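Try each task before reading its solution.

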Amino acid sequence: MSDPNTPDPMDTHPMDRAYTQAEAMLDDPAARAARRARVLAAAAAAPQASEVESAARPVPARRRMMWGYGGGLAAASVAGLSILVAIQTQRPPTQLAPPTPAPTAAPPTPLPGA
């Protein structure tokens, strides 16, 4: 009897077969040498960096007018928040009133007729 964990090649999923074929192709030294040669040839034929840089440099987009005032608005918001924080944190210390002395007991009054 065969191992129950070994799948039957006829019952394998197509994705499993694709992975098996890809692994076999990657392990093949001749195919690896051919891929390496294609990559090196493509790298040698690639344009120089200065050509790529000049062609890939994008044209700067025009700024929209509604965002033109955003910098001033942000600066004003930061300034207002700073003033609010400064006012709230730098209040003069409150003076505590000196403690009032505890009332002393009144002297006993003499009883009438005594």
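**Exercise 1.** What percentage of the 114 residues in the protein is buried?

*Solution.* Start with the ground rules. This is a predicted model, in which local features need pLDDT of at least 70, side-chain atom pairs count only at pLDDT 80 or more, and totals for chains, interfaces and linings use all residues. Residues are numbered from 1 along each chain as its sequence is written, and side-chain values use heavy atoms, leaving out hydrogens and water. Next, the cut-offs: buried means under 20% relative accessible area, exposed over 50%, and partly exposed in between (1.4 Å probe, protein chains only). Buried residues then come to 2% of the 114.

**Exercise 2.** List the elements from the N terminus on.

*Solution.* Take helices as DSSP runs of H or I with at least four residues, and strands as E runs with at least two, numbered from the N terminus. The protein has five helices and zero strands, so the order reads α-α-α-α-α.

**Exercise 3.** Do the same for helix H1.

*Solution.* H1 (residues 14-27) has 14 residues and should span 20 Å; its end C-alpha atoms are 20 Å apart, in agreement. The number buried is zero, so H1 also lies largely in the open.

Methods:
The expected span of a helix is 1.5 Å times one less than its number of residues.
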